[in-house]
Amino acid sequence: MSRYEPARTEEKWQKAWDEAGAFLARRDPAKAKYYVLEMFPYPSGRIHMGHVRNYTMGDVVARTKAAQGFSVLHPMGWDAFGMPAENAAMERGGHPRDWTEANITEMKGQMKPLGLSIDWSREIATCRPDYYGQQQAMFIDMLDKGLVYRKAAVVNWDPVDMTVLANEQVIDGKGWRSGAAVERRELTQWFFRISDFSEELLDALDGLKDWPEKVRLMQANWIGKSRGLQFAFETAGAPEGFERLEVYTTRPDTLMGASFAAISPDHPLARHLERHDPEVAEFVADCRRVGTSEEAIETAEKKGHDTGIRVRHPFDEAWELPVYIANFILMDYGTGAIFGCPAHDQRDFEFATKYGLPIPPVFVAVGADDAPLAEAYVPMKSERVRYLRGFAGTEIQTGDEGVNTAIDFCEARGVGRGVTNYRLRDWGISRQRYWGCPIPVVHCAACGVVAERKENLPVELPYDVTFDKPGNPLDRHPTWRDVPCPKCGQPARRETDTMDTFVDSSWYFARFTAPHATTPTVMADADYWMNVDQYIGGIEHAILHLLYSRFFARAMMLTGHLPKKAIEPFDALFTQGMVTHEIYMTRDRQDRPVYHLPEDVVRTEAGAALKDGTPVEVIPSAKMSKSKKNVVDPMNIIAQFGADTARWFVMSDSPPERDVEWTAAGAEAAYKHLNRVWVLSDRIASLKDGGPGRGDEDLLRATHRAIAEVTRTVEGFAFNKAIAKLYELANAIQKSDASKVAQRQAVMVLAQLMQPMTPHLAEDIWAMQGGAGLVAQAPWPKADPALLVEDTVVLPIQINGKRRAEISVPRDMPADEVEKIALSDESVVKFLGGQPVKKLIVVPGRIVNVVI
RNA sequence: GCCCGGAUGGCGGAAUGGUAGACGCAGCGGUCUCAAACACCGCCGACGCAAGUCAUGCGGGUUCGAGUCCCGCUCCGGGCACCA
């Protein structure tokens with residue numbers, strides 16, 4: 001007696017697919033192409049449920065499209081540079097490259113058994129010279145095109161470890177290892193001119209019809225286009241050279257409500273004062289003890305320091321405002337200086353309250369009186385308000401109108417000019433770290449900054465480095481660092497900064513179209529395969545990764561590495577929800593958090609504990625992350641039940657765009673169902689041949705309904721609903737009294753429809769029923785529309801919106817006849833109790849509502 | 001703090017403004033078995049004997065009809081430019 005044995009058959013089918021070359025992407029001019037891509041993983045060493053979910057989704061799309069006749073490209077690679085490799089080297093010794101390569105081998109070994117339809121011949125890893133060397137070539141091209149430049153920018157500096165910290169490594173303003181208060185320090189760094197593309201990147205969002213609306217909205221807000229007024233205050237009592245203070249405001253209509261001016265601690269005026277005034281120096285130093293992240297700055301307590309300098313109001317020479325240095329003003333936005341209107345900005349309100357500054361209202365709600373404010377009054381700009389201290393436009397107008405008339409008014413009087421501003425800043429790519437793509441330039445005393453010659457690429461990372469000291473080992477590697485200038489040949493120094501890992505992931509999708517080429521891309525391949533038809537990844541990448549990739553596509557087009565049609569590289573985007581899990585935490589002697597893997601934690605009545613009984617603090621579910629150790633190992637599921645069970649389960653349990661909390665409970669149920677389907681197929685195969693059965697027609701209809709529904713739901717990324725329909729079809733076959741021929745046909749369609757999700761089981765069934773070839777290569781079934789229509793429909797009857805009865809009528813019965821039947825229905829008559837019908841609503845094929 | 005989401009039975013979830021709870025999990029009852037497991041059949045939002053009433057995070061509103069649309073909240077999650 002044979003039975004469902006995934007451990008035995010899954011490997012067999014994977015081999016069969018390999019031998020058939022079923023997943024090799026080929027440029028086939030006879031077929032339409034389809035490029036499906038999942039965001040490639042960081043090689044942490046173990047796959048987790050988030051990976052299984054992400055790659056199964058992509059695989060369902062890839063397999064469905066292949067069955068539908070497309071020439072499919074479905075590649076996989078490794079986002080292999082980054083901090084964890086260096087951290088591992090520091091913590092456990094070893095080398096980042098060895099650690100990373102071992103992790104890639106390990107993870108690939110875990111992904112293979114999933115049976116994904118990936119073209120592994122196209123595998124890439126960003127940490128390998130054949131990849132990052134091409135990235136260096138593009139960097140040089142971008143340098144030539146003026147898309148790259150250097151400028152000073154601030155970093156988080158750990159004064160104890162003498163090293164630059166990532167924002168993630170700054171916890172409550174302190175270095176994660178040293179615990180020292182972090183300082184902001186300025187370094188000269190490399191930048192991509194993404195802000196030159198602000199308008200373009202914003203406008204093009206409208207064309208991304210198959211992107212989630214929320215992602216487009218997040219990107220639009222991130223780019224942050226605003227229209228405002230830039231003007232200069234005349235200063236009084238300011239040092240020489242600071243006779244004017246340029247400020248930018250998006251609310252020039254509130255100019256008559258100004259009560260102070262404020263500048264960033266990094267503003268040139270603040271820097272000047274810092275050198276001459278010890279109090280300012282102390283205050284500014286205090287401000288710099290906050291990390292560089294916007295979050296840290298925005299959530300820090302709002303503080304200001306009165307410089308004693310005054311500015312004159314542009315409309316009233318006699319009206320002077322104090323100038324504060326304030327810790328919440330960002331130097332990167334606008335001019336790094338503002339005027340505060342506390343009546344209509346909550347942050348300014350709190351600031352004014354704290355420092356006893358006046359809060360004159362500029363406008364009130366239409367119909368409201370001028371009364372003291374308990375909080376800032378900040379209506380929507382589209383709302384009409386009554387201006388008490390307006391100076392342009394009518395008394396009652398919207399905020400938008402107020403802004404526009406104020407800009408016109410000011411421009412006409414020579415007070416500043418209307419400017420369009422963007423929040424988007426240039427992309428700083430310099431990292432003071434080893435494990436990244438070296439920036440291919442050399443610093444020469446005579447020639448300045450010189451690009452490496454392309455024939456010398458790749459500039460390879462040296463292997464002989466150690467991580468026993470903090471900081472970047474490239475900085476202290478004389479033979480690698482000290483090289484002749486590519487231009488004059490005199491002794492010079494290599495750039496020791498490496499690139500942000502976001503650079504690596506900003507073009508890998510293009511590299512997959514010609515992964516082994518000796519140029520970054522090959523035009524013919526890019527032209528055939530681009531764009532990515534369906535991109536799938538986590539919502540956490542909604543802004544940065546996707547925006548940088550969009551910029552890179554434009555830069556690659558300008559440098560001749562991508563065709564014009566790839567300017568928006570991702571035609572459709574699906575953002576899957578994250579797999580979340582509870583976090584288990586204890587604290588060390590210094591009260592710092594220590595995290596624990598779920599497999600090391602046991603649930604107890606009191607909560608949770610380590611295996612030695614130490615109680616564990618349970619933090620509510622959050623995104624699975626290595627640093628929090630709240631990760632689950634899918635390999636156990638695969639070992640126990642097979643890959644198809646893991647795949648079926650991750651697709652069935654939640655809508656794919658929603659977060660899913662991992663629970664072990666459903667896995668066994670998934671296995672039971674797959675086993676049931678296998679047994680069902682086995683039973684059908686052993687049925688005796690015979691004539692037509694009684695249920696043939698019903699089963700055929702159920703089958704075609706399933707084809708239509710599964711196709712529709714899979715195409716709409718509603719995989720959980722597709723699985724519900726597949727359960728229904730399996731149940732229908734199981735309960736059917738149809739003939740063997742009809743049942744065999746139904747179960748073969750079931751195998752075809754399940755194939756994208758459970759490809760191995762589908763092959764089992766296909767083979768059992770004597771299907772030709774591999775089901776993975778069989779054409780997708782088509783639903784017959786004639787078998788989808790129902791002859792009669794059940795109409796609920798509502799009385800005053802509450803369901804009271806239902807009637808069964810022919811599908812196309814005219815509304816007046818439906819009315820008659822509805823009103824003569826026994827329970828309707830009872831409910832009406834002779835009351836007159838005020839209104840009768842008949843929605844054909846849907847509902848009848850009787851209003852009395 | 002700012003930007004973007006989400007909230008429906010014990011649980012995951014379903015529902016073009018039209019019968020709330022498809023499908024599945026857990027649970028309960030039954031058949032099979034010496035017994036158990038498996039498998040199969042049935043029940044399964046709450047209250048109520050019933051008729052029925054209540055019920056989609058909270059408070060309002062629009063509509064013949066609201067889980068769905070609008071306004072105001074609460075809580076949870078994602079992002080915030082050096083985590084990937």
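M162 sits in the loop between β5 (148–158) and β6 (163–165); helices (H or I, at least four residues) and strands (E, at least two) are DSSP runs numbered from the N terminus. The phi of this non-glycine residue is positive, about 55°. M162 is exposed, at 53% relative accessible area; exposed means over 50%, buried under 20%, and partly exposed in between, with a 1.4 Å probe and protein chains only. The model is predicted: local features need pLDDT of at least 70, side-chain atom pairs count only at pLDDT 80 or more, and totals for chains, interfaces and linings use all residues. Residues are numbered from 1 along each chain as its sequence is written, chains are lettered from A and ligands numbered from 1 in the order in which they are written, and side-chain values use heavy atoms, with hydrogens and water left out.

N800 also has a positive phi, near 50°. Its place is the loop between β35 (792–799) and β36 (802–810). N800 is partly exposed, at 44% relative accessibility. Most residues other than glycine have a negative phi, and most peptide bonds are trans. A cis peptide bond links L457 to P458, with omega about -5°. P458 belongs to the loop between β23 (448–451) and α13 (478–481). Another cis bond joins M530 and N531, with omega about 5°. N531 lies in the loop between α16 (523–529) and β27 (534–538).

RNA strand B has 69 residues around it, of which N167, R433, D653, K721 and N849 come nearest; a residue is near a strand if one of its heavy atoms lies within 4 Å of it. Of the RNA atoms within 4 Å of the protein, 64% belong to sugar and phosphate. Helix α22 (residues 719–735) supplies the largest share of this surface, seven residues. Phosphate oxygens of RNA strand B lie 2.6 Å from a side-chain N or O atom of K721 and 2.7 Å from a polar side-chain atom of R431. A base nitrogen is 3.4 Å from a side-chain N or O atom of Q798.

Conventions
Polar contact = N/O pair within 3.5 Å; in protein donor to acceptor, adjacent residues only side chain to side chain.
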